[in-house]
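Please look over the sequence and the model before reading on.

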Amino acid sequence: MSSLKKGGGIGMPVSPSHTPRSSEKFGRDLRSGDGTGHSSSKQEKDKGVNVQVILRCRPLSEEEMRLRTPEVISCNEHRREVVAMQNIANKQIDRTFVFDKVFGPASQQKDLFNQSISPIVNEVLEGYNCTIFAYGQTGTGKTYTMEGGGRKAKNGEFPSDAGMIPRSVRQIFETLEAQCAEYTMKVTFLELYNEEITDLLALDESRFPDDKSRKP
Ligand SMILES: Nc1ncnc2c1ncn2[C@@H]1O[C@H](COP(=O)(O)OP(=O)(O)OP(=O)(O)O)[C@@H](O)[C@H]1O
């Protein structure tokens, strides 16, 4: 796998390259079109695509509920739609956005993984390069989705809130072990922040001279 990343309801483009796709499975081809991101004909729209954008909306936290924070997003998983509700000067202005897949506030980590991530991991094991990254405003659930909610494992089993990265890694090892395959796995863990890239697995402590809290 090229990468599993967390970038900053979150969108998760997943993009296997060189992967034959049926137009039935994925309805949009972001590679084609008129250069504006819009496909210029139905025929082009029906070509296979290699980018999917998945929207996940997190539930309100206890604190947000206590403060009676209004919900401004409504998800329709079946229609793959998200409605952003706005009331401006007593006028209700709703805007609807359609995604390749929508996971509402009640969605569980395993749902997202089984339906949208696991097939991509299988493609990696078939030799395709894939990228899965989380993108969204601060506090929208990128870390929770990608890494997990922090519950402890019990009896060697993942907690229910384990995120996409541990689940993907487990699937890779389980599949390779089941195939009795001979394999090597390489992991890099990089942080790109303010145009600076840091190798978070670097052993050399001198790479973090200004930040004592950072462990290599
Ligand atoms: N699907 C979810 N179910 C329950 N709690 C969630 C969910 N998604 C996020 N949360 C909780 O919401 C809070 C914010 O989520 P998180 O830290 O993952 O956001 P983030 O997008 O990574 O933010 P930042 O960009 O600031 O790092 C956390 O307390 C997290 O546990």
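This is a predicted model: local features need pLDDT of at least 70, side-chain atom pairs count only at pLDDT 80 or more; totals for chains, interfaces and linings use all residues.

Residues are numbered from 1 along each chain as its sequence is written.

**The chain**
- The chain contains five helices and ten strands; helices (H or I, at least four residues) and strands (E, at least two) are DSSP runs, numbered from the N terminus.
- Of its 216 residues, 18% count as buried, a term that requires 20 or more other C-beta atoms within 10 Å of the residue's own, whereas exposed means 12 or fewer and partly exposed lies in between, with C-beta atoms placed from the backbone.

**Around the ligand**
- Among the 13 residues around the ligand, those that come nearest are Arg58, Thr138, Gly141, Lys142 and Thr143; a residue is near a molecule if its C-beta atom, placed from the backbone, lies within 6 Å of it.
- The shell consists of two nonpolar, nine polar and two charged residues. Here Ala, Val, Leu, Ile, Met, Phe, Trp, Tyr, Cys and Pro count as nonpolar, Asp, Glu, Lys and Arg as charged, and the others, Gly among them, as polar.

**Positive phi outside glycine**
- Arg68, a residue other than glycine, has a positive phi near 50°. Arg68 is located in the loop between α2 (62–66) and β4 (73–76), and counts as exposed because it has 7 C-beta neighbours inside 10 Å.
- Arg80, also not a glycine, has a positive phi near 60°. Arg80 sits in the loop between β4 and β5 (81–88), and is partly exposed, with 16 other C-beta atoms within 10 Å.
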